[in-house]
Amino acid sequence: MQIAFRTHDLGVKGLQNAIQKARNCGISAVQLVAYKFMDEIKYAPNQLNAENAAAIGAALKQSGISVPLIGAYFNPVHSDKSKVANGIAVFKEYLQYCKALGCDIVGSETGSFNDDKWTYNPLNRTDQALQTVIETFGGLAAYARQYGAYVGMEGAAGHVCWNVATLKRAIDAINAGNIKVIFDIYNYLDASNYQNYLEILDEGITAFAGKIAVFHIKDCVFEDGKLKQVAVGKGIFDYYKLLGKIKAYDKNAVLVLEGTAGDDIVPAIEHITSIWRAV
């Protein structure tokens, strides 16, 4: 098992500062989202090249930090087609240079017709929306093949691939060997189903067997009729059962503690590590 954190959850700016923070916290793996913690790299095309990608990758490797996932999230059904084009261009650039950065997979969620809000819209659950996702990610998978890279797809209740079954439909339709899954249990939950999170985990592990690249690990509470994300270990999830299921599926699973930051980082690592050893 490997525990990772998103680079922008480390709470610092700049590559060397992030590396130092990771060392201080005992972190040996990161989900790299360069444009969210490196001011010199914008969310736009032509930001990466062979030289700076190799420099970033080398600095992380020399510090003993691996990169199990690169984030280049974009909304493929955004109403502003220039934003869609920009997102696709950025994603392709990361595919081109991902191996230099120390990784072979670039991931994104599947978007929403609510544009930058990334929340539920009835149009998300139409065949037209799903077809757009299939065509977009199918094109990215084809592009990734020339670089020996993988495309990661992540579902979420408010997005086009809103449950396990819909994401599986998309992946089956794309029918590409270089599509992987970013599995986030919390993403699939709402007020109607949050108590069934372990069953949803079982469904996902069965549906995506052999395709799950990383598990996003979160925690939550249910307050005022809504789910609220909290740091790992501070919510309602039974991590003995949750991690037991993940470990039974893959004892070498990559767990990205997404959204756990600040003073919660080290306790969360200790919490997950101790339970993983026990299950």
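**Note on ring contacts, core and backbone in the predicted model**

1. Lysine 92 lies over the face of tyrosine 143, 5.1 Å from the ring centre. A charge counts as sitting over a ring if NZ of Lys or CZ of Arg is within 6 Å of the ring centre and within 35 degrees of the ring normal. The charged end of arginine 125 likewise sits over the ring of tryptophan 162, at 3.8 Å from its centre.

2. On provenance, this is a predicted model, in which local features need pLDDT of at least 70 and side-chain atom pairs count only at pLDDT 80 or more, while totals for chains, interfaces and linings use all residues. Residues are numbered from 1 along each chain as its sequence is written, and side-chain values use heavy atoms, with hydrogens and water left out.

3. Phenylalanine 183 and tyrosine 188 form a tilted pair, at 5.6 Å centre to centre and 40° between the planes. Both phenylalanine 183 and tyrosine 188 are buried (under 20% relative accessible area; exposed is over 50% and partly exposed in between, with a 1.4 Å probe and protein chains only). Ring pairs also link Phe183, Tyr188, Phe208, Phe215 and Tyr249 into a cluster.

4. The pair of tyrosine 194 and phenylalanine 222 is stacked, because the ring centres are 4.4 Å apart and the planes stand at 15°. Tyrosine 194 belongs to the loop between strand E6 (179-184) and helix H6 (197-207), and phenylalanine 222 to strand E8 (residues 219-223), so the pair ties together parts 28 residues apart in sequence. Helices (H or I, at least four residues) and strands (E, at least two) are DSSP runs, numbered from the N terminus. Tyrosine 194 is buried at 15% relative accessible area, whereas phenylalanine 222 is partly exposed at 31%.

5. The largest nonpolar core has 100 residues, and those with the most contacts inside it include Tyr94, Phe183, Phe215 and Leu242. Such a core is a set of buried Ala, Val, Leu, Ile, Met, Phe, Trp, Tyr and Cys residues joined through side-chain atoms within 4.5 Å. Helix H4 gives the most to this core, with 9 residues.

6. Asparagine 46, although not a glycine, has a positive phi of about 60°, and counts as exposed at 70% relative accessibility. Aspartate 115, also not a glycine, has a positive phi of about 60°, but is buried at 18%.

Methods. Phe/Tyr/Trp six-rings, centres within 6.5 Å; stacked < 30°, edge-to-face > 60°.
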